[in-house]
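Hi,

Here is the structure I promised to pass on.

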Amino acid sequence: MGTLVGPDVAAHPRIVALYERDQTCQTLRIALDEVSTGRALMRMRVTASMVNGHGMAHGGYLFLLADAAFSYACNSYGPVTVAQAAQVTFLSPAAVDDELVAEAVERARSGRTGVYDVTVRQSTGRVVAEFRGQSVILAGGTGRHPEGGVAGR
């Protein structure tokens, strides 16, 4: 898969730093190929340890890939932003060695909240899953959860 951060991402030092702290994406080799305001593109190769008993990519990994793309898209503005809700629809299976690409696109943003759609596709273009996430900017943008814990993203 090569490098885990695309060349245009280097122009966003805050996003690079966020990715460097993202041990989940790095461990699973989920690459951040592109990021721009309200948009992100990530990819992941399905490994044998990611499939369920049916031999298909486990839905949790598909959700994780989509959620990661959503996270980078909604954090592209600067303030610390986290998910407040998300939903995924699985449309077709993915198998071991499939390379999946997740494209997150902002649909609406108002005040501290935003709505993002993420499409997960196989490299052939076949849609595997559709994800919709709602984001919220944390008060103060410090990375601290309003109830005192640390934000999960």
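(A salt bridge here is a side-chain nitrogen of Lys or Arg within 4 Å of a carboxyl oxygen of Asp or Glu.) Arg-39 sits in strand β2 and Glu-103 in strand β4 (residues 99-110), so the pair ties together parts that are 64 residues apart in sequence. Arg-39 is partly exposed at 23% relative accessibility, and Glu-103 is partly exposed too, at 26%. (Buried means under 20% relative accessible area, exposed means over 50%, and partly exposed is in between, with a 1.4 Å probe and protein chains only.)

Before going further, a word on what you're looking at. This is a predicted model, in which local features need pLDDT of at least 70 and side-chain atom pairs count only at pLDDT 80 or more, while totals for chains, interfaces and linings use all residues. Residues are numbered from 1 along each chain as its sequence is written, and side-chain values use heavy atoms, with hydrogens and water left out.

Now the overall layout. The protein has 3 helices and 6 strands, and along the sequence they come in the order α-α-β-β-α-β-β-β-β. (Helices are DSSP runs of H or I with at least four residues, strands are runs of E with at least two, and both are numbered from the N terminus.) Of its 153 residues, 40% count as buried. Among the contacts with a separation of 6 or more, 62% are between residues 24 or more positions apart; a contact means heavy atoms within 4.5 Å. The accessible surface comes to about 7,500 Å², and carbon and sulfur atoms make up 54% of that. (Those areas come from the Shrake-Rupley method with a 1.4 Å probe; for residues, only the protein chains shown count as cover.)

Back to the salt bridges, of which the count is 7. As for accessibility, Asp-117 counts as buried at 16%, Arg-107 is exposed at 51%, and Arg-132 is partly exposed at 38%.

Next, helix α1 (residues 13-20). Which of its residues are buried? They are Ile-15, Val-16, Leu-18 and Tyr-19. Seen down the axis of α1, these buried residues fall within an arc of 160°, so they line one face of the helix. (The arc is that of the directions from the helix axis to the C-beta atoms.) As a reminder, an α-helix has 3.6 residues a turn, so residues three or four places apart point the same way. The buried residues of α1 pack against α2 (23-27), β1 (31-36), β2 (39-45) and α3 (59-74). On the other side of α1, Pro-13 and Glu-20 are exposed.

The disulfide count is 0, going by a pair of cysteine sulfur atoms within 2.5 Å. Cys-25 is buried at 2% relative accessibility, and Cys-74 is buried at 2% as well.

Most residues other than glycine have a negative phi. Arg-29, though, has a positive phi, near 60°. Arg-29 is in the loop between α2 and β1 and is partly exposed, with 39% relative accessibility. Asp-97 has a positive phi of about 80°, although it is not a glycine. You'll find Asp-97 in the loop between β3 (81-90) and β4, exposed with a relative accessible area of 52%.

Cheers
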